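Please look through the sequence and the structure below before reading on.

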Amino acid sequence: MSIEPNIKQLPQLAKDKHKETKGFFAKLKKKPPKHLDYLMQELHEKEFERTDCLDCANCCKTTGPLFTDKDVARIAKHFKMKPQQFIDSYLRVDEDNDFVLQSVPCTFLGADNYCSIYEVRPKACSEFPHTDRKKFQQISNLTLKNVAICPAAYNIVEAMKQRINQ
């Protein structure tokens, strides 16, 4: 299934709409509609009925997730490693003192866009692009970044702007 918008055009599309989207999110934070969580769930589900992440995997190719201590323990166990061995092999500590991948694209991403640790992947990966999260208006800064990475997030935000501005 083709992904719209085109992944090569996405950063520019997101940049072109950045100011508009940022203003929309500012209003949303001040006065979120009562039904926002339900609307986001509906838009998220509708988008992912037509979007196959395996066609894109841009999130895995361009960004790295945060690894919580629970993620590290779970994934290390999967590899039959001690957590510190896993950290030393795959992770680094970033400027916010969080565990992140040593490099991108993700070490665990295959040429076919499949994740080799999908069943034990980090929480940040399983929740990406976070468009079905409760109290969505609280993660607007994260979403502003994600619309430039994820075509589905872009489509969901554009649909949300249409629905709420009616």
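**A walk through the predicted model**

Once its neighbours within four places in sequence are set aside, Asp 98 is in contact with Leu 66, Arg 92 and Val 93. This is a predicted model, and every value given here was computed from it. Asp 98 sits in the loop between strand S2 (91–93) and strand S3 (99–101), and it counts as partly exposed, because its relative accessible area is 27%, which lies between the 20% limit for buried and the 50% limit for exposed residues. Asp 98 and Thr 68 are separated by 30 residues in sequence, while their C-alpha atoms are 7.9 Å apart in space.

How many helices and strands does the chain contain? Its secondary structure comes to 8 helices and 3 strands, and, read from the N terminus on, these elements follow the order α-α-α-β-α-α-β-β-α-α-α. The radius of gyration of the chain is 17 Å, close to the 15 Å that the globule rule gives for 166 residues, so the chain is as compact as a globular protein of that length. The C-alpha trace spans about 55 × 35 × 25 Å along its principal axes. Of the contacts in the chain with a separation of 6 or more, 71% are accounted for by residues 24 or more positions apart.

The interior comes next. Buried residues make up 37% of the 166 residues in the chain. The largest nonpolar core has 20 residues, and those with the most contacts inside it are Phe 25, Leu 28, Leu 36, Met 40, Phe 136, Val 147 and Met 160. Helix H1 (10–30), helix H2 and helix H8 (151–164) are the elements that give two or more residues to this core, and the largest share, 6 residues, comes from H8. Val 147, one of the residues with the most contacts inside this core, touches Leu 10, Ala 14, Ala 153, Tyr 154 and Val 157 when residues up to four places away in sequence are not counted. There is also a second, separate core of 14 residues, which includes Val 72, Ile 75, Cys 106 and Leu 109.

Leu 54 lies in the loop between helix H2 (36–50) and helix H3 (58–62), and, with a relative accessible area of 29%, Leu 54 is partly exposed. Not counting residues up to four places away in sequence, Leu 54 touches Asp 112, Asn 113 and Tyr 114, whereas Leu 54 and Pro 122, which are 68 residues apart in sequence, are 17 Å apart in space from C-alpha to C-alpha. Asn 58 has its place in helix H3. Is Asn 58 buried or exposed? Asn 58 is buried, because its relative accessible area is 14%, which is under the 20% limit. Leaving aside neighbours within four places in sequence, Asn 58 is in contact with Ile 7, Thr 63 and Ile 149.

Lys 80 has its place in the loop between helix H4 (69–78) and helix H5 (83–90), and Lys 80 is exposed, because its relative accessible area is 76%, which is over the 50% limit.

Cis peptide bonds are the next feature of the backbone. Val 104 and Pro 105 are joined by a cis peptide bond with omega at about 5°, and Pro 105 lies in the loop between S3 and helix H6 (123–127). A cis peptide bond also joins Phe 128 and Pro 129, where omega is about 5°, and Pro 129 is found in the loop between H6 and helix H7 (140–146).

The accessible surface of the chain comes to about 10500 Å², and 52% of it belongs to carbon and sulfur atoms. The chain has 27 positive and 22 negative side chains, and the centres of these two sets lie 6 Å apart.

Conventions: Residues are numbered from 1 along each chain as its sequence is written. This is a predicted model: local features need pLDDT of at least 70, side-chain atom pairs count only at pLDDT 80 or more; totals for chains, interfaces and linings use all residues. Side-chain values use heavy atoms; hydrogens and water are left out. Helices (H or I, at least four residues) and strands (E, at least two) are DSSP runs, numbered from the N terminus. Buried means under 20% relative accessible area, exposed over 50%, partly exposed in between (1.4 Å probe, protein chains only). Contact means heavy atoms within 4.5 Å. A nonpolar core is a set of buried Ala, Val, Leu, Ile, Met, Phe, Trp, Tyr and Cys residues joined through side-chain atoms within 4.5 Å. The radius of gyration is taken over C-alpha atoms; the globule rule is 2.2 Å times the number of residues to the power 0.38. Accessible areas come from the Shrake-Rupley method with a 1.4 Å probe; for residues, only the protein chains shown count as cover. Lys and Arg count as positive and Asp and Glu as negative; His and the chain ends are not counted. The place of a charge is taken as NZ of Lys, CZ of Arg, CG of Asp or CD of Glu.
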